[in-house]
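Please read these notes with the structure open beside you, and look up each residue as it is named.

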Amino acid sequence: MARRLTLSRGQRNLGRGVVALLAAAGFTVATSGTANAAPVQLNYPLSGTTHLAGTDSDLELGPGTLETTVDLSNGALSADTNLPPATGSFKTLDLIPATATTEFIETEPTAGTIDIATGEVNTVSKLTLRITELKVAGIPIWVGSRCKTEVPAEIALTSEPGFNPFTGGTLSGEYTIPDFEHCLLATPVINAIIPGEGNTISLDLGTAEAPSAN
């Protein structure tokens, strides 16, 4: 016999409260409670920083967008991450200056959860890192058009205290950069410097907005 899920009065009131807040903010959802609520689309302006452990350097990320869909019945979240290419500077062998331009390409939608009671968010993104331009001592190094990580980097993010699903906040985490491939003669040099563990990322989400009508 199928088990019937019974919500407490507090859970029902919380669900109705979330729906009411969304409606007040201009989002269209069902009004019969979270059990029957339609998925809600929330788009956030996005910017941030990632620290690359291998080069001991920072990459400024964004401005971009995070386009999310939230199922209020179970807190399931999916998102599309859109970020422009990022250029960072570092020193090879702690001596020779270098710059690299990197694209972060989402290979599948971000998946995660949002706790309807607390607003806490946990997500996992799979992003391929593609180097489109590399200069060492100001000299362009040809890396071709397919210089990218062999597999996507898996980036787990958790919301920091103070995060609010409507006004935004900070998501942060740590990730490993896989080895690169198809970077021509630069492949062994790149793999000696950039891949590895201990890379950190912090993403700042602005106030959520309803998607633009097509």
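The points below take up the disulfide, the cavities, the salt bridges and a few backbone details in turn.

1. On the basis of the notes. This is a predicted model, in which local features need a pLDDT of at least 70 and side-chain atom pairs count only at pLDDT 80 or more, while totals for chains, interfaces and linings use all residues. Residues are numbered from 1 along each chain as its sequence is written, and side-chain values use heavy atoms, with hydrogens and water left out.

2. On the disulfide. A disulfide is a covalent bond between the sulfur atoms of two cysteines; here it is taken as a pair of cysteine sulfur atoms within 2.5 Å, and by this rule the count comes to 1 disulfide. The partners are Cys147 and Cys183, whose sulfur atoms lie 2.0 Å apart. Cys147 sits in the loop between strand 7 (139–141) and strand 8 (148–149), and Cys183 in the loop between strand 11 (180–181) and helix 2 (187–193), so the pair ties together parts that are 36 residues apart in sequence. Helices (H or I, at least four residues) and strands (E, at least two) are DSSP runs, numbered from the N terminus. The torsion about the S-S bond of Cys147 and Cys183 is about 85°, so the disulfide is right-handed.

3. On the surroundings of that bond. Are the two cysteines buried or exposed? Buried means under 20% relative accessible area, exposed over 50%, and partly exposed in between (1.4 Å probe, protein chains only). Cys147 is buried, at a relative accessible area of 0%, and Cys183 is buried, with a value of 0%.

4. On the largest cavity. The structure holds 2 cavities of 30 Å³ or more, where a cavity is a set of points, on a 1 Å grid over the protein atoms alone, at which a 1.4 Å probe fits but cannot get out, and lining residues have an atom within 4 Å of a point. The largest has a volume of about 210 Å³, a volume being the space filled by probe spheres set on the grid points, which are joined across faces, edges and corners. Of the 23 residues that line the largest cavity, the closest to its centre are Leu66, Thr123, Leu157, Leu171 and Leu205. Strand 6 gives the most to this lining, with 4 residues, and by class the lining has 18 nonpolar, 5 polar and no charged residues. In this scheme Ala, Val, Leu, Ile, Met, Phe, Trp, Tyr, Cys and Pro count as nonpolar, Asp, Glu, Lys and Arg as charged, and the others, Gly among them, as polar.

5. On the second largest cavity. About 120 Å³ of space lies in the second largest cavity. Its lining is made up of 16 residues, of which Leu52, Leu59, Ala100, Thr102 and Ile194 lie nearest its centre. The elements that give two or more residues to this lining are strand 2, strand 4 (86–92), strand 5 and strand 6, and the lining residues divide into 10 nonpolar, 5 polar and 1 charged.

6. On the salt bridges. How many salt bridges are there? With a salt bridge taken as a side-chain nitrogen of Lys or Arg within 4 Å of a carboxyl oxygen of Asp or Glu, the count comes to 3. Glu103 and Arg130 meet at 2.9 Å, N to O, and this pair links distant parts of the chain, with Glu103 in strand 5 and Arg130 in strand 6, 27 residues apart. Glu181 pairs with Lys148, their closest N and O atoms being 3.1 Å apart; Glu181 lies in strand 11 and Lys148 in strand 8, 33 residues apart. The side chains of Glu133 and Lys135 meet at 3.8 Å, N to O. Glu133 is partly exposed, with a relative accessible area of 38%, and Lys135 is partly exposed at 31%.

7. On the backbone. The peptide bond from Gly62 to Pro63 is cis, with omega near 5°, and Pro63 belongs to strand 2. Ala137, in the loop between strand 6 and strand 7, has a phi near 55°, a positive value in a residue other than glycine. Leu184 has a positive phi of about 60° although it is not a glycine, and Leu184 is found in the loop between strand 11 and helix 2.

Key. On a 1 Å grid over the protein atoms alone, a cavity is a set of points where a 1.4 Å probe fits but cannot get out, and a pocket is an open set with protein on both sides within 12 Å along at least five of seven lines; lining residues have an atom within 4 Å of a point.
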